[in-house]
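This report describes selected features of one protein model, shown below. It treats individual residues, charged pairs and strand pairing in turn.

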Amino acid sequence: MKATQRTVRLDLAEPLRISRSTMAARDAVWLTVEHDGLRGHGEAVTSVYYGLDADTLGRLLAAVATDLPRFRDPESALDALRAGELAGEDTPPAVTAAVEAALLDLAGKRAGSPVHRLLGAATAPVAATARTIGITPPVRAAAEARCLTASGFEVIKVKAGAPDPEEDVERVRVIRDAAPRARLLLDPNGAWTTGQADALLPRFAELGVEAVEQPLAPGDPEALAALAARSPLPVIADEDAVSLEDARRLAGRVHGVNVKLAKCGGVHAALRIAEAIDGSGTALMLGCLTASSLGLAPAVHLADRARWADLDGHLLLAHDPWTGIGGTDGFVRASELPGLGVRRSPGEETA
């Protein structure tokens, strides 16, 4: 097996403001693994929050790729990756996830099978995905909500954590009025104090918010669990639920954990988390970073296992260089094509 990589710029259709930052673009590093004339692809994207720039991602992906030729095929490389024998313990989860995605894509193409079937699902997963509305003026938020529901979106995720919490309340209020039948999720990205959360959550519950992600600053999972115990609406851990150990610690103590493949280390790691929380009363949410359809595809092959799917990262882009998972009508769909089932978008270089 041999591997190559390429770095590309992913521009957002419009800047996305959350409580800790505003993002207009990010870089993606594509890893391609080739074996016996077939190619598998994976994607890792830069993240200021996780301290990963394009140069770092490229260097780390190259380090793993140099070890691939010692494996006879992608299946044995996957086994080694999952056993911790291909990527070291210090390898960031985003890198491990991208390598795993490329190997899964290649293994699926070799088997003539889509990834979800390799993972034991008989039919292609389909899920209603949330669509994110950032911290934006209420008038604009209401207009976005109307457009989204007209396009078929049933779930809207509203970013919160503005300096004035009343702005957050008003944004949710106008979105609820504009989209009365939509399911609403709220995500302050850890912006609130415990006192603010106690004061605000009953108000958002009255507005019909279905659940809130990571209302408190990460780093104190005990405080998050205590808040969940008294919260009038479900609390989902995100930044406090990174690893399998985190999920086990919070299982049964929060209402959900947001699993992002780039955060936990890929499909196999996500499945282990899902198994660990099964039956505990803590539900699975599948989330994502802003990325192309290539970056989102592995999670879409797991989407039928989650109570909440927040897999809209590719929909935030000005131009998605890959295609194959849908989403513009509010539903993401795993392809029945072999591997991840994504292809380069029309007009792009042939993959």
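Where does Asp-320 lie? In this predicted model, Asp-320 is placed in the loop between β12 (308–309) and β13 (322–323).

Asp-320 is buried and yet takes part in no salt bridge. The nearest side chain of opposite charge belongs to Arg-344, at a distance of 7.9 Å.

The side chain of Asp-320 instead has a polar contact of 2.5 Å with the side chain of Ser-293. When residues up to four places away in sequence are not counted, Asp-320 touches Ser-292, Ser-293, His-314 and Ser-345.

## Ser-335: a buried loop residue

Ser-335 is found in the loop between β14 (331–333) and β15 (343–344). Its relative accessibility is 13%, so Ser-335 counts as buried, the limit for that class being under 20%.

The side chain of Ser-335 reaches the backbone nitrogen of Leu-337 at 2.9 Å. With neighbours within four places in sequence left aside, Ser-335 is in contact with Pro-114, His-116, His-301, Gly-324 and Gly-341.

## Salt bridges

The model contains 26 salt bridges. One of them joins the side chains of Arg-110 and Glu-75, with an N to O distance of 3.1 Å. Arg-110 belongs to helix α3 (residues 93–111) and Glu-75 to helix α2 (residues 74–82), so this pair ties together parts that are 35 residues apart in sequence. Both partners are partly exposed: Arg-110 has a relative accessible area of 33%, and Glu-75 has one of 29%.

Other pairs are formed within a single helix. In helix α6 (residues 165–178), Arg-171 and Glu-167 are four residues apart, about one turn of the helix, and their closest N and O atoms are 3.0 Å apart in a salt bridge. Arg-171 is buried at 0% relative accessibility, whereas Glu-167 is partly exposed at 27%. In helix α9 (residues 244–250), Asp-246 and Arg-249 are three residues apart, so about one helical turn separates them. The closest N and O atoms of this salt bridge are 3.0 Å apart.

## Strand β2 and its partners

Which strands pair with β2? On one hand, strand β1 (residues 2–17) pairs with β2 in the antiparallel sense over twelve bridges. Within this pairing, Arg-6 stands opposite Trp-30 in β2. The two strands form a hairpin, with four residues between them. On the other hand, eight bridges join β2 to strand β3 (residues 38–45), again with an antiparallel course. In this pairing Val-33 stands opposite Gly-40 in β3.

β2 and β3 also form a hairpin, with two residues between them. Asp-36, in that turn, has a positive phi of about 50°. Strand β2 itself (residues 22–35) is mostly covered, ten of its 14 residues being buried.

Technical notes. Residues are numbered from 1 along each chain as its sequence is written. This is a predicted model: local features need pLDDT of at least 70, side-chain atom pairs count only at pLDDT 80 or more; totals for chains, interfaces and linings use all residues. Side-chain values use heavy atoms; hydrogens and water are left out. Buried means under 20% relative accessible area, exposed over 50%, partly exposed in between (1.4 Å probe, protein chains only). A polar contact is a pair of N or O atoms within 3.5 Å; within protein, one must be able to donate a hydrogen and the other to accept it, and residues adjacent in sequence count only if both atoms are side-chain atoms. Contact means heavy atoms within 4.5 Å. A salt bridge is a side-chain nitrogen of Lys or Arg within 4 Å of a carboxyl oxygen of Asp or Glu. Lys and Arg count as positive and Asp and Glu as negative; His and the chain ends are not counted. Two strands pair if DSSP finds at least two bridges between them.
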